[in-house]
Amino acid sequence: MLHSSERFVFDTPGRIQFVAGMYRQRDYLVVSYGVGDVASMETHVPIAQALALLRRSGTATATAAAAATAATAAAVAALSRRGEREGW
């Protein structure tokens, strides 16, 4: 794994949450994710905020790099939700 972030949740602690997709749109990451296996959500996060969440990890393999990408998307979505709630 190349980079990782601290643990987090998207919306509601204790519910199943997973990243379904992510793409770049100008200076933002657009992240789609599922909640509780019954709802789909989407959020937009400034790329600079997403990168600020990451810290360097150990060595990487192709599989670990893919996992790091998914973890990054999840971290970005969580930060976006927190920013919306806290007004920043």
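Colleague: How many bridges join strand β3 to β4, and which way do they run?

Modeller: Bear in mind that this is a predicted model. Eight bridges join β3, residues 28-35, to β4, and the two strands run antiparallel. One of the pairs there is V30 with its bridge partner H44 in β4.

Colleague: And β2 with β3, over how many bridges do they pair?

Modeller: Eight bridges, in the antiparallel sense. β2 and β3 also form a hairpin, with two residues between them. R26 sits in that turn and has a positive phi of about 55 degrees.

Colleague: What is the strand order in the sheet?

Modeller: The order is β2-β3-β4, three strands in an open sheet with antiparallel pairing. β2 and β4 (39-46) are the edge strands, each pairing on one side only. From one strand to the next the twist averages 20 degrees.

Colleague: Changing topic to Q17. Where is Q17 placed?

Modeller: Q17 is in strand β2, which covers residues 17-25.

Colleague: Is Q17 buried or exposed?

Modeller: Buried: its relative accessible area is 19%. Q17 gets that label because 19% is under the 20% cut-off for buried.

Colleague: Which residues is Q17 in contact with, leaving aside neighbours within four places in sequence?

Modeller: V9, F10, D11, T12, G34 and V35.

How values were computed. Residues numbered from 1 in each chain as written. Predicted model: local features only at pLDDT ≥ 70, side-chain atom pairs only at ≥ 80, totals over all residues. Heavy atoms only, no water. Helix = DSSP H or I, 4+ residues; strand = E, 2+ residues; numbered from the N terminus. Buried < 20%, exposed > 50% of the residue type's maximum accessible area, 1.4 Å probe, protein only. Contact = heavy atoms within 4.5 Å. Pairing = 2+ DSSP bridges. Axes fitted to C-alpha atoms, helices over the stretch in contact; angles between N-to-C directions.
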